[in-house]
Amino acid sequence: MPAATVGQMTSAPPTDRDAGARRPDGGPPAVEVVDLVKRYPKASSNAVDGISFAVRRGEVFGLLGPNGAGKTTTVGVLTTRVRATSGRAVVAGADVAADPSAARARLAVVPQRTNLDQSLTARQNLLFHAAYHGVGKAERTRRADELLDRFGLAERADAKVDKVSGGQAQRLMIARALMHDPQVLFLDEPSTGLDPQARLFVWDRVRELRDRGTTVVLTTHDMDEAEELADRVGIVDHGKVLALDTPAALVARHSGGGSIEVVLTPGEGDDGDLAGRVRRALDAVRGVTGTDEMPADAPSVRVRASVDGDPASSLAPVAEAVDSTGAVVTDVRLGRPDLEDVFISLTGRELR
Amino acid sequence: MSTTDDATTTSGTGGAGDRATGRLTPVLAILRRDLFVTWRELPSFLAQVLLQPVFLLFVFGQVLGSLGFLADGYAQLLFPGIVALTAFLTSLQNTALPLVIDFSFSKEIEDRLLAPTPTTAVALEKMVFATLRAVVASAAMFPLGVWILGEIPWRTEGLGWVVLLVVLGALTGSAAGLTLGTLVPPSKINIVFALVLTPLLFTGASQYPWASLDVLRWFQVVTAVNPLTYVSEGLRGTLVPGTPHIPVWLCALVLVGFLALLTATGIRGFLRRALD
């Protein structure tokens with residue numbers, strides 16, 4: 001085989017998450033949703049169609065789903081911004097419909113799009129937020145200093161917020177959310193649009209929060225994020241919860257096997273449709289259950305073969321089949337099944 | 001009364017007081033934020049709200065008078081109307097415009113809607129804040145009036161009515177602004193403002209006494225549905241009682257009615273925008 005690199009798309013060992021899920025259940029759940037339905041006027045179907053789940057105290061819970069699946073509406077109900085058509089939602093012991101003020105005192109929201117107060121500086125954003133929540137002056141000053149420091153914003157503390165970068169704005173919104181010491185923190189797509197450094201930083205802060213006992217509910221369509229952060233994941237589509245468990249358990253239950261992905265460049269005298277020929281060759285290999293062409297930089301092509309069982313045991317016959325097409329292999333990746341496979345198998349492939 | 005009773009009464013009252021303060025804390029903090037931002041931008045705020053009334057007063061009261069186009073004493077009739085216009089339109093614009101921006105573009109209001117207080121209280125804070133701005137602007141019109149016109153109509157015994165009518169006018173304007181800012185879709189706000197503000201400006205009996213419109217009956221009817229008419233007429237009746245006017249008490253009463261109606265529609269609109 002020509003110079004090939006073999007990497008493995010394995011995820012982190014699942015033991016941490018299992019431990020998290022098995023953490024002793026301390027009292028009533030932090031978030032409880034029972035038969036929640038939301039129907040918008042004039043809509044042909046329910047945006048949320050009978051969702052039920054419970055989030056344990058101190059847990060990081062991921063709501064995973066394609067755009068329009070109903071996760072944002074569900075979080076809208078939980079954060080008192082959307083009125084449910086029927087069903088019940090309780091956050092930190094407060095029923096969001098019956099006592100929204102009490103629920104708001106105990107929860108915090110970090111939205112996807114910045115909604116910082118543009119007339120104020122970073123520090124003033126934190127201070128006024130705490131004042132809205134009745135935090136005393138000395139205490140809010142102390143918390144603001146601490147959070148600005150913890151979120152790497154001390155140097156930008158007195159800058160107007162329209163002058164801070166996207167990553168800084170995101171961090172500032174998380175810091176602001178923590179100013180009133182919420183019991184449950186809702187994060188909407190926390191790392192969308194962030195650079196890798198900012199993303200890792202946000203992930204670290206979320207883990208830190210969990211360690212301090214804050215419950216975190218995050219919505220995302222980023223599989224890495226869900227797999228990396230969430231103790232348990234609920235996969236939502238068409239307003240329903242399709243599956244709910246630890247990422248490891250979901251993968252074990254819903255995914256048939258692994259995958260082998262090969263990147264190829266056409267050999268000399270190649271007469272076109274390389275991807276098609278490779279796919280036909282791979283389809284004939286024993287153990288291969290399906291093939292897909294993945295995006296790649298021309299003239300390279302990337303083909304992914306789904307396989308039964310451990311992908312490593314199918315590597316040799318797959319390499320042989322690819323070789324028979326005359327293409328030059330430039331990269332090979334073995335994919336252990338991950339959350340993305342579960343997600344795709346549950347929610348389908350079509351674009352939303 | 002025994003000591004025990006006293007203690008119970010005291011602690012009971014204190015507890016209720018604390019609870020009331022506790023519930024008001026978020027709204028007061030939101031008001032403090034608005035005042036903090038306004039205070040920092042005081043000169044630009046005053047320029048923004050005073051330019052229009054000052055020009056109206058200058059051109060209609062001073063320039064046209066000096067050129068001899070106006071009857072003697074017209075400036076004295078105009079002044080109360082301009083104060084009324086300042087109170088009503090300043091608070092209308094200072095509620096409607098920020099709301100449109102808040103709900104559709106900046107989303108800044110989201111953080112305040114998540115404060116532990118009823119959503120209605122956040123809407124009422126918008127009204128109170130706009131009213132405060134309008135009252136400050138109206139008060140500033142008095143020294144500016146003296147400066148531009150040389151003298152302004154004034155009756156110290158009418159001070160109570162002046163304050164009441166300015167506050168009522170500003171509150172009614174803010175309620176109208178709350179209604180306008182939440183009912184109109186953001187994409188149409190420019191056209192709605194153009195179509196609503198100019199008619200409000202000229203059908204509010206600011207530039208003419210309402211009773212004198214007898215000669216233009218249809219216009220008199222039109223002006224009667226503009227809340228500004230009652231602010232203008234009430235202030236004119238208080239400051240220049242010799243001019244025929246709608247009774248001042250009736251003006252106050254009608255304004256209370258408009259205020260109740262527009263507050264109800266405004267809060268409904270606000271809740272509709274704030275909650276899905």
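**Exercise 1.** How far apart do the end C-alpha atoms of residues 49-71 of chain B lie, and what percentage of the span is helix?

*Solution.* The model is predicted: local features need pLDDT of at least 70, side-chain atom pairs count only at pLDDT 80 or more, and totals for chains, interfaces and linings use all residues. Residues are numbered from 1 along each chain as its sequence is written, while chains are lettered from A and ligands numbered from 1 in the order in which they are written.

Step 1. The ends of residues 49-71 of chain B are 28 Å apart, C-alpha to C-alpha. The span is 78% helix and 0% strand. Helices (H or I, at least four residues) and strands (E, at least two) are DSSP runs, numbered from the N terminus.

Step 2. Residues 49-71 and 77-106 of chain B are among the spans that UniProt, in an unreviewed entry, lists as "transmembrane region". UniProt positions are given in the numbering used here, feature names are shortened, and annotations may be inferred rather than shown by experiment. For residues 77-106 of chain B, the end C-alpha atoms are 42 Å apart, with 100% helix and 0% strand.

Step 3. The unreviewed UniProt entry also places "domain: ABC transmembrane type-2" at residues 44-273 of chain B. That stretch is 77% helix and 0% strand, and its end C-alpha atoms are 29 Å apart.

**Exercise 2.** Describe how helices α5 and α6 of chain B pack.

*Solution.* Two packed helices are described by the angle between their axes and the distance between the axes.

Step 1. Helix α5 (residues 119-149) and helix α6 (residues 159-183) of chain B have axes 8 Å apart, at an angle of about 135°. Axes are lines fitted to C-alpha atoms, for helices over the stretch in contact, and angles run from 0 to 180 degrees between N-to-C directions.

Step 2. The two helices α5(B) and α6(B) are therefore oblique to each other (under 35 degrees is roughly parallel, over 145 roughly antiparallel, 65 to 115 roughly perpendicular, and the rest oblique).

Step 3. Residues of α5(B), including B:A123 and B:M127, meet residues of α6(B), including B:V166 and B:A170. Contact requires C-beta atoms, placed from the backbone, to lie within 7 Å. By class, this contact of α5(B) with α6(B) has eleven nonpolar, five polar and one charged residues (Ala, Val, Leu, Ile, Met, Phe, Trp, Tyr, Cys and Pro count as nonpolar, Asp, Glu, Lys and Arg as charged, and the others, Gly among them, as polar).

**Exercise 3.** Work out the layout of the six-stranded sheet in chain A.

*Solution.*

Step 1. The strand order in this open sheet of chain A is β7-β8-β9-β4-β10-β11, with mixed pairing. Two strands pair if DSSP finds at least two bridges between them.

Step 2. At the edges stand β7 (107-110) and β11 (240-245) of chain A, each with a single partner strand, so one side of each is left without a neighbour in the sheet. From one strand to the next, the twist averages 20°.

Step 3. β7(A) runs parallel to β8 (residues 184-188) of chain A, and four bridges join them. A:L107 is opposite A:V184 in β8(A). Helix α6 (residues 166-178) of chain A lies across both strands, β7 and β8, at about 175° to β7(A).

**Exercise 4.** Which residues does each chain bring to the contact between chains A and B?

*Solution.*

Step 1. Chain B gives 20 residues and chain A gives 20 residues.

Step 2. On the side of chain B, α1 (3-40) and α4 (109-113) are the elements that give two or more residues. α1(B) gives the most, with seven residues.

Step 3. This side of chain B has nine nonpolar, four polar and seven charged residues.

Technical notes
Two residues are in contact if their C-beta atoms, placed from the backbone, lie within 7 Å.
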